[in-house]
Structure formats: C-alpha cells, structure tokens
Amino acid sequence: ERHDNRLTTLLIAPIMSYVIAAIPNKEGNDGLSPEQAYRKLHNAGACPSKPFAEMFKFEVPSLMVGTLDTLMQLSDDLVKTDAIVESIVRKIEKTYVEISRQSHTELKIGEVPTARYIQSFAWDYAKYPNRRPLKELVSLIAGGATAIDEELKQLCQSFADKQMALQEAQRKKGGNLMTVDLNEVLTEDIMRKVQVYDTEYLKTVFIAVPKNACASFETDVYSVGSNLVGYGGPDWSRDSRNLGQPTSFGSTVDRHLKRGSPVVPGSLSEVMEDGDSALYTVTILKSQYEAGYYEGEEFQPGTTIDFEEEFMKACRDKRYMVRPFEYDPAQAGNSALQLTQLKTETDGMRSGLTRWSKTHYGEAFVAWMHIKVIRVFVESILRYGLPPDFTAVLYKVANGQNAELIEALDAALGNGDGDAAGAGDDDDEYHDFVLLKFDP
C-alpha cells in the first residue's frame, strides 16, 4: 500500500496547466495588428489586474490549407488524434515512474525541461515539413507516435516476462517443498533411501502435502483417483476350469466393471519435511491397455490409457501437489546461479527501459505539441477564414486559477452575448475564440 501511494504521488505531482488561445487580427472594420492582438490577449488574463496566468508567444506556422471540406473532416479527426498521442505520452510517463521510481517531472524533451519546451515552442520544420498537405502531416505525426506505442508495448511485455521468471525463480529458491526446486533440497544421502521406479508400467511420483493435510493424505492416498483404473476381469467364481490357461476374452470382458486408484498398495513413503509441508513418494500404474476387438472381419486395435495426468489432477483437487522431478546431482546449485543471472538480466532490462522512456518521451511529446499547433491552425481558419491572419498565445495558468482565467478570457475576448458555455469542440465548452486546454 505504501508502494502504491508513492507511485501515485510520483505520477500526479506537480501538474502544470496550459491554455492556448487565438484571436483574429481583424474584427469588422477595426483591424488589429499582431502587436495589438497580442496586447489584447495579455490584458485579458495575464496583466497585473488579471494575474491568472503567465503568457508566452505561441508560434503557429503557415500550413497548407486545402479545401474547406478537408478542414472540417480534419478538425474532427484531430480531436481523436490529440487524445491518442496524449495517451501514448501518459503511458511512457507511467512506465518511467514505475520502472525508475522517479517523478515524471524528471523527463525532458532532449535536454530541455518540459515546461521550457512548451513555453518556447518552435515548429520543427525539418521533421514535419509545413508545406506538406495537412492530412499527410497529421498522418506522419500520428504514425510516428503509434510506432513508439507499439515498441513500448513490446518492451514492457518482455520486461514483465523477465520479472515473472525472476519471481518464479525466487519462489522456487526460497519456498517450501510445495514450490522449491527439489534438486536443491534432495541430497544424495536422502535419495539413496528412496526407491524410484520408472518402468513401462510403473512410475514413482513425488507429492508435496501441506503439514495440516498430512494425516488425511496418509490415510486416503490409496483411494486418490479411485475411478481411474479398471480392475474388472473374468468372473472365475462361476467357472474356474480355465483359470491360468490361455483364454481369449477381448471385448467380452468389462475391464471397468470394477474401478480403483492407480496407487500401488504399500508404496507410500515419506521422504522429508520442513516447517510447512512434507514430501512423499508413491508408485502408480502409468497406464492401462484396453484390448482390441473385431468389428465383423476388421480388427480394431487396442488403446493405451495414460493415468499420470489424471492422477495429478486428482491430487490437485485434494490440495496435494505432484512435483515432476528427475534427480540430477549436477543440478544442485543451478537455482542460485539461475537466480543471479535473472536478477542481472532484469536489472539490465530495467535500465534499458528507463533510458528508452527518457528518449521516446521527448519524441512523443514533440508529436503531441505539433498536433496541438495544427489544431489551433485548423480551428482558426474555420472560425476566422482565409487568408490565415490570427495571433495565438500560450497561457501558463497560475495555480488553481483555471476557472478564473477562462472566465476572464470569455469576458475580454467574447462577443458579450453571454453564451460562452454552450456545446463546443474543446472539453464540451464553446468559446467565441479558439481555445485549447491541456495538462502536460
């Protein structure tokens, strides 16, 4: 619980909140220069009388517009793409925090802290050429982010598999007789006293039993799997003249008229015990041959019924654990070596995934910011028309003053009809100007 609380703290604190706003440089007959528009945006929510945010210039490059229909479709698609790319950024953050036990605020874009990158954002013309059609540009950005997401899934799965292997090795190394590697605890001295059979018909199996079930196991072991083996045969009590003679019975005899357990009577032996459990051996019938028979002139060959798997299931039903085991003195000590190797491999993968997260967080975040910029551009064209002539700024919201900033922007930049809370395209709100909110 303490670990989960620390992880939650690392993921949620501290949180920055930003607002991107854009207004046209022309309003009716009264034209606004970019400087005047910038000043208007500053006075709306970042001036001494309205200190709700710190304001920064926000570069929106000149992009290829295309047709109005394309922009309308793209506007809807961009909302979904924005959410998808953001989810990838969040996954990388979460992975980094879980793996490194460091706050996500340690993640940077290259060598630049996230806040500084946002506040001094500049379009990457080399990576995302602004003269490509908008739909292609969005596909290029989203495709790069999706490739990062796929690689993250593969790396996380590989790391999870390695962790599971390490946990299993630790469980076997430090567990009781129910889980420990038996080659680590069964010494040569112990094995000299154990009679082990592995013939065509018989096999000795090792069974680990919880201490509180040992008494019932010793009493009931010869009835475990009591419906598995068919002991039926000819009824010699009626006619014993052919007893001991070669006689053909085949399918005329019901082998399963009488059933029983495959455990050989008198074969139970205790091997060793620890504080939690005890280890026993019993010898069981490995299989049973069902005789063939004739169907008319055609002979149907017999079949062999295997008892080992069914006996293991019968034991599990009673909380007895059959331990598959072949004694090999050379394996003693291998568990410790394997555990050390798995620890080294897990630590190596942890370090590699941490480095990967640091590098690809920047790439995913850059993609996310460029999607934001394209959204601002598209929404501004749809609202304010052509040619593109608008001013965009970035507000870094003062702590806990999101509502105050939005209200101030609506009052200063809206048309004053009081309908700023209707349905719209960003967080189910409508504003008389382009507005995007996000928390990096």
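Contact here means heavy atoms within 4.5 Å.

## Basis of the report

This is a predicted model, in which local features need pLDDT of at least 70, side-chain atom pairs count only at pLDDT 80 or more, and totals for chains, interfaces and linings use all residues. Residues are numbered from 1 along each chain as its sequence is written, and side-chain values use heavy atoms, with hydrogens and water left out.

## Helix α2

Helices are DSSP runs (H or I, at least four residues) and strands likewise (E, at least two), numbered from the N terminus.

Ala37, Leu41, Ala44 and Gly45 are the buried residues of α2. They cover an arc of only 60 degrees around the axis, which places them on the same side of α2; the arc is that of the directions from the helix axis to the C-beta atoms. Buried means under 20% relative accessible area, exposed over 50% and partly exposed in between (1.4 Å probe, protein chains only). The elements that cover these buried residues include β1 (18-24), β4 (53-57), β17 (390-397) and α11 (402-413).

## Thr346 in helix α10

Thr346 belongs to helix α10, residues 334-384. This residue, Thr346, is buried, with a relative accessible area of 2%. Leaving aside residues up to four places away in sequence, Thr346 touches Phe159, Lys162, Gln163 and Leu166.
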